[in-house]
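This report concerns selected backbone features and strand pairing. The sequence and structure are shown below.

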Amino acid sequence: MERNLQRIQRELGDRTEQARKLQDSQSITQSVTYLKWWSETGSPIMEELKEKAPCGPATDEWEIVTVSGYESKLKTLSVVPGSLSLGPYETHLQFFIWKEMLKVIRKVPQRLTMEDCSLSLKVSLDGLSTRQIDRDQDQLHKHHHAPPAVVQTEARFDQGLHAQSREKFTSGSHYWEVEVGGKSDWAVGIKMEKIQERETKWYQKVVHFFSRHNYLLLVFSGDKDFRINAFSVDIPILPGARPRKVGVYLDCEKAQVSFYNADDMSHIYTHSECFAKGIAAYFNPGPYLAGRNAEPLTVCCY
C-alpha cells in the first residue's frame, strides 16, 4: 500500500507538471514560437495522454472508447490492490473482535454449585441444576383419588422446597444467572441467616420474629403472576417481558439485591435494606403439577 501511494504521488507530480506546461502555452503569441513549443513539448504530452489502441484480434464490432479520446490514468491507480484478501476478517470480523474482547473482559456470571435442602428435589451430578423428583404412576394414581385439599397442597408454592448454593456470601458484589425456561412456577433469589436483633430496626425485628426463614425471592406462579417475596411479604410486580433467564445481582456493601431479565438485561426489581450475613443463592423449581412443571432450574455458565 505504501508503494502504491508513492506511485500515485509520482503520477500526480508528473500530471501537475504537464498541466503547468500546457497552461504556459496560452501565453505564447508568436506563431513560430508556438509551433516550436508544440513540436518539442505539446505534441509529446498529448500523445502520451491519448488512449492506446486495444491489443487483440480484429473484430467487426465497434470499439466503444471515451468521447475525448484520452485515457484516464486513475484506472490503474489504487492504494489497495485488487488482489488484497482480508481472509476470514472480511466475513467473520465480529467473531475476531469478540475474541479480542475476551482478553480484557474478566467478569463473568458466577458458577454456583447447588446442594439439596429438600428430599423432594433432585440436584444434578454437576450441581448446576435442580428439579422435582418424578412421581411414579402409583403416586399419580393416588393424587387422582385424593381429596381436593391434598391435590391443592401439591400445586401450591412451597417456599421451603428449594436448593441453595454451597457458596456463601458475606461481602463484595456477586452476579449469577438462572435459566427458568418456560416453567409455569419457579422462584429464585437469596436465602439469609437470621438477622441478629441488635443489627435491625424495630419494625424489622417484628417482621423477622414471625418469619421462619429470611428469603428475598422473585416468584413466578400460575404461568402468569410475578411477585417479590421479601421476608414473607409479597409485593406484586409487572416486569416487561417474561424472562427465560433471570439474573440476580447481590451487592453486600450496599445491602441491595436486584433482579434482571438476563435475555436483554432489562431491570425487573431492586430491594434494599438487606442486612443479613451468610447469604446463599436460592433455587425453587416450583410444584410438580403432575409433571407439567417438571423442567429443572439451571445455573447458566459461559
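This is a predicted model: local features need pLDDT of at least 70, side-chain atom pairs count only at pLDDT 80 or more; totals for chains, interfaces and linings use all residues.

## Asp-223

Although Asp-223 is not a glycine, its phi is positive, at about 65°. Most residues other than glycine have a negative phi.

## Ser-232

A positive phi is also found at Ser-232, which is not a glycine; the value is about 70°. The place of Ser-232 is the loop between β8 and β9 (233-237). With a relative accessibility of 43%, Ser-232 counts as partly exposed.

## Pairing of β8 and β9

The strands β8 and β9 run antiparallel and are joined by five bridges. Within this part of the model, Ala-230 stands opposite Val-233 in β9. Strands of a sheet pair through backbone hydrogen bonds, either parallel or antiparallel.

## The seven-stranded sheet

Both β8 and β9 belong to an open sheet of seven strands, in the order β1-β4-β13-β6-β7-β8-β9, with antiparallel pairing. The edges are formed by β1 (114-116) and β9. Each of these two strands has a single partner strand, so one side of each is left without a neighbour in the sheet. On average, neighbouring strands of this sheet are turned by 25° against each other, direction ignored.

Terms used: Residues are numbered from 1 along each chain as its sequence is written. Side-chain values use heavy atoms; hydrogens and water are left out. Helices (H or I, at least four residues) and strands (E, at least two) are DSSP runs, numbered from the N terminus. Buried means under 20% relative accessible area, exposed over 50%, partly exposed in between (1.4 Å probe, protein chains only). Two strands pair if DSSP finds at least two bridges between them. Axes are lines fitted to C-alpha atoms, for helices over the stretch in contact, and angles run from 0 to 180 degrees between N-to-C directions.
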